[in-house]
Amino acid sequence: MAYIAPIHRPSSVRHALQTNLLSPDEDCLVVSRTNRLEIWRLSEEGALSLFRSKPVNGTITILQKLRPKDHPLDLLLVGTDRFEYFTLAWNPLTNQLDTIKDPDREPGEQHMRDSQSQDRAIVDPLGRFVALHLWEGVLTILKLGSRRTNATNLEWLGQIRLSELFIKASTFLHSETGHPRIAFLYQSRADASADYKLATYRLTSDDKNTVPSEFNPDKHREIDIDVKDAGAAMLIPVRKVEDEVKRHHFRNVESAKAHLGGLIVVGETRLLYIDDQTKIQVQSPLKKANIFVAWAEYNATNYFLADDYGGLHLLSIDHSGMEVQKMEVVKLANTPRASELVYLPAQNLLFLASHYGHSQLFRADLLNPEPAQRMQLVQTLANIGPIMDFAVMDMGSTTRGGVGDGQQEEELGNEYSSGQARIVAGSGVYKDGSLKSVRSGVGLEDVGILAELPHTRRLFSLRSYGSQRTNTLVVSFFTETRVFQFDPQGEVEELESFAGLDLGVETLLAMELSNGQLLQVTPKAARLLDPESGVTISTWEPQGGDNNSIITHVSANNEAVLLSIGGTSLVSIAIRPNELHLNHQTAISEQDSVACLHVPPQIRGIGVVGFWSSGTVSIVDLQTLDPVHGETLRDGPDDASVPRDVVLVQVLPPSVSGPTLFIAMQDGYVVTFNVSLSTSELSSKKRVILGTQQARLHLLPPQQAEDFYSIFVTTEHPSLIYGEEGRIVYSATTANDATFICPFDSEAYPDSIIVASDSQIKISQIDRTRQAHIQDLPMGESVRRIAYSPKERVFGLGCIKREIIDGEEIVQSSFKLVDEVIFQRVGKEFPLETLSYTEIVETVIRAELTDSYGNPAERFLVGTSFAPDPDYAVNTDNRGRILVFGIDDNREPYLVLSHPLKGVCRCLAVMEGNLIVAGLSKTVVVAKYEETSTTTATLEMIRSFRTATCPVQIEVKGNIIGIADLMKSLTLVEYIPASTENKKTTPAALVEVAKHGHAVSATALCHIAGEDWLEADERGNLILLQRNPEGVTNEDKKALRITAEMNLGEMVNRIRGVQVKTGEGAMVVPRAFLGTVEGGIYLFGTIAPHAQDLLLRFQERLMTSKVVRTAGDIDIKGYRAFRNGERTGSEPLRFLDGEFLERFLDLDEGTQREVCEGLGPTVEGMRSMVEELRRMH
């Protein structure tokens, strides 16, 4: 039984439109993201803000707007990939989208062929008629009612057979007669060499527009012309412009001129304008050939165009009065590749919706004399789709050796929700391609900027005398200290003096003690102050006046101060009533010095000290400064890392765990130990990497009703460390430029923090709701494949670059490296060959193979294919290569092996014994890899297995090879090594041991656990297959049975398995992550046996009761049911939809109680279970 939930919802935008949905006077933007509708409103500044997001139980393929007669607001027409369509209207009373027309299925027939292009719906300019292209050679016509009582009802008008089978584009024309007219750009045959033609028809045949036309090409065609451009694929209707001179029908057409009001055919090499009244044509060649993919009207004579290479253009009709002279196209800007263009005239904005990259909002200023300023970027809507491939980086993986004294480091699992796992995805296509790092984290909301203050060293928050809440901020610089005070309304005033603080020097520590007194420590002295009078009560100063008598490190709690003088001696001071009393002072060994120190706020009598030279940490007695327990932090003689910051606090509840010691190392690792309160011994060492440089650990005090701390970590990847459900959570934050923080719980800014960066100080609030945080590395090319090497700490990328050079499209593949921490490219790229063919990267994996000295070595394996260049004769019989790369000390890739192949290398895997498994065009091959020197190796084929069609992906588990086939689903093959018995040698063999008998076009495969395999297909189905080697009959043993299946609604490109430790009572065990074409990332898990029955009944109750309402009210069971060309299910099989289950939390309590009736647990119990499921991601 399986479970799936989204980590990152689909982010690509395929459909968008401008509409007056909410108000007659307000333009809003409606976009679709796979199965969600989003309504975006425009602010006065011209920025988009999300107003509503509504799920749809279906993959949205159609989105259009309708305008009922005499109605002030638009309706939305939505269609899904299951040919279901419905209309929506905005209800201002409930602030919700209401379903006006319940879902209808387009009545197709079994013999109908799907339309070659995507499902399309076009609407006439008045918004009353709809034409659907769903089937080849069939046009479905719908119409809004004409009477007031049925004006919002979409009625069936008819389904018409067309002689134009291979339609490339269609549009409604602007009509002055009130009778809708439609145009088709089509091919006479399916092959590319067929002629392109344009035909127009009147949509209806009667005056009342109630009877559809027969679309007889001999009787009803109004325009029938040939289009002399084999790349034509777009039609733009041109509005008629009012003019004092009325147009007339000409008997002598030869003397007529082309006027505004017609149609533009946009081709690759030319533009063709046709006057739809006189049929006169005006043709204009393009300066450069191009492929245009989207358009939007700016006005009657200017149109925005977007091309396939990310160019944004303006098409202008040059006219004299009403007469069309010519057309020209001018490039405006470089943008992501558009899937839709939407012009918002109210604020002169252009929205570019993109599936290939980020969607963007531009302000159009076409009259600006500076060409570069004519399109100004206003806003970007992030998109991580399409995800071509991804890798899972475990930030807590422990590739280093064990700890001293026989203690072993505890392995951390790939827990995405805890921030341990980072998903690094290759997303986007060609110039929009990039590397995206996705990590679970918390957000910071900026509520105010205090000042532009660079070079801040430290921050401290205090209360002024008599104040009940924090109201004073102490800011320390290299040579001075400044104080800012906040009033209850949030107004800020800088003070010249405060409570006797020494403001002429740097402040190392300023804190309020439990008795109300203040403690200030500077490089020269520690002082105890009375906050009311500002009098210094007690002072302690180091002896001597040289540089070695400077206080360099300090930490304190309410009872003691621990400080270091010059890094060479430790001093312990007791805080007594009105006195700073010296407990002890000791000198550090000449061979070592203090690197960091800390006094725990909750534990009495001990301190923690980290040392430079030895790389050790010690817990010391504050009375005597004698070490109580010590631990070395280095793993060997080559490890020179130094502890740079340390804290010892209670992060988890005391009932769950004791205090935890956190040590920030110089190399970016944070090392943790569990600390025994009775003996101060350290145990359970763990490592988490948070950057390449040392991190600073800032304590955040316990919240109300809690007695455990949080830790804010400032580094390249800032994190918030806190306890949740008995585990330590490392959540990424958005404070990428933070250098120092401190808590600030004031009356005007409750539960806030002060954040200092290199340039300013601001006030922020932490939103502890975890969400995906994305870091972007633009590559300018498709990152088709990615592999992660934890040993080398790099990602290996297989990239494909496409660019236009002198009018010629050039495609180049390469292999690159990217550092895992700094997230930047390292080393030089390795370009693949482009001789008489173009070599395309097909697969990249990381493996540990044996080098020529017999030692394990990290290697990247790359499989390629050769795409013949039609302009050159192919001078080789090879169709691909296997490349093996090593990484040298300078982190440069170097080639170890280049092995030519007779077939395309689609996929690669590695088995024990230096065996490489390659999926070629029609076979799977096992070969022996052997390195003969540091830069040479051999590859010898051992055995091959003939697949049904073409292997899409292979997965190796032990000696079992899983083969996902392009058409014939999953086959399991066992590799049997060669053996010798009684002097008789048996050669190695590949034996088929199990097979899934259904026709499935696989796209991704992953071994889950035991005998379970997860497969995804091109229709968005997920299938969990299980092998039964203990079956009774031979057929049972060889048949892979389906144990769970569901339709995800998105095509999955990659599945990566993970291993996560879970508690005994966990309901779901995470098993894999999935990346989709639409930019979605999903968590897949298996259900624990004790929770299966309850969760299945719970999902069934939610589905059948239909209390979870969605736009269109489409049945959730049908949406999630398996569907392909062979069979269609009625509901998901033993598969839990996590996102659907979580909607239970949005129901009112009365409805929740009805759903839970008879299930067993109480309403509170079910809410807690669903909350637990949600916290997993």
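Is C950 buried or exposed? With a relative accessible area of 16%, C950 is buried, a term that stands for under 20% relative accessible area, whereas exposed means over 50% and partly exposed lies in between (1.4 Å probe, protein chains only). The model considered here is a predicted one, in which local features need pLDDT of at least 70 and side-chain atom pairs count only at pLDDT 80 or more, while totals for chains, interfaces and linings use all residues. Residues are numbered from 1 along each chain as its sequence is written, and side-chain values use heavy atoms, with hydrogens and water left out.

The structure contains 0 disulfides, a disulfide being a pair of cysteine sulfur atoms within 2.5 Å. For C907, the closest cysteine sulfur belongs to C905 and lies 7.0 Å away, which is too far for a bond. C950 likewise takes part in no disulfide, and its nearest cysteine sulfur, that of C907, is 7.6 Å away. C907 is buried, with a relative accessible area of 5%.

Attention now turns to an open sheet. Four strands form this sheet in the order β60-β61-β62-β63, with antiparallel pairing; strands are DSSP runs (E, at least two residues) numbered from the N terminus, and two of them pair if DSSP finds at least two bridges between them. The edges are taken by β60 (782-789) and β63 (825-831), each of which has a single partner strand, so one side of each is left without a neighbour in the sheet. From one strand to the next, the twist averages 25°, where axes are lines fitted to C-alpha atoms and angles run from 0 to 180 degrees between N-to-C directions.

Strand β62 (residues 808-819) pairs with β63 in the antiparallel sense over 4 bridges. F815 has F830 of β63 as its bridge partner, and S814 stands opposite P831 in β63. The hairpin of β62 and β63 has 5 residues between the strands, and in this hairpin F823 adopts a positive phi near 55°. In a regular strand, side chains alternate between the two faces of the sheet.

Elsewhere, I122 sits in strand β10 (residues 120-123). I122 counts as buried because its relative accessibility is 7%. Leaving aside neighbours within four places in sequence, I122 is in contact (heavy atoms within 4.5 Å) with several residues, among them Q64, F129, H133, F172 and I182. S170 is also one of the contacts of I122; the two residues are 48 apart along the chain, and their C-alpha atoms are separated by 7.6 Å.
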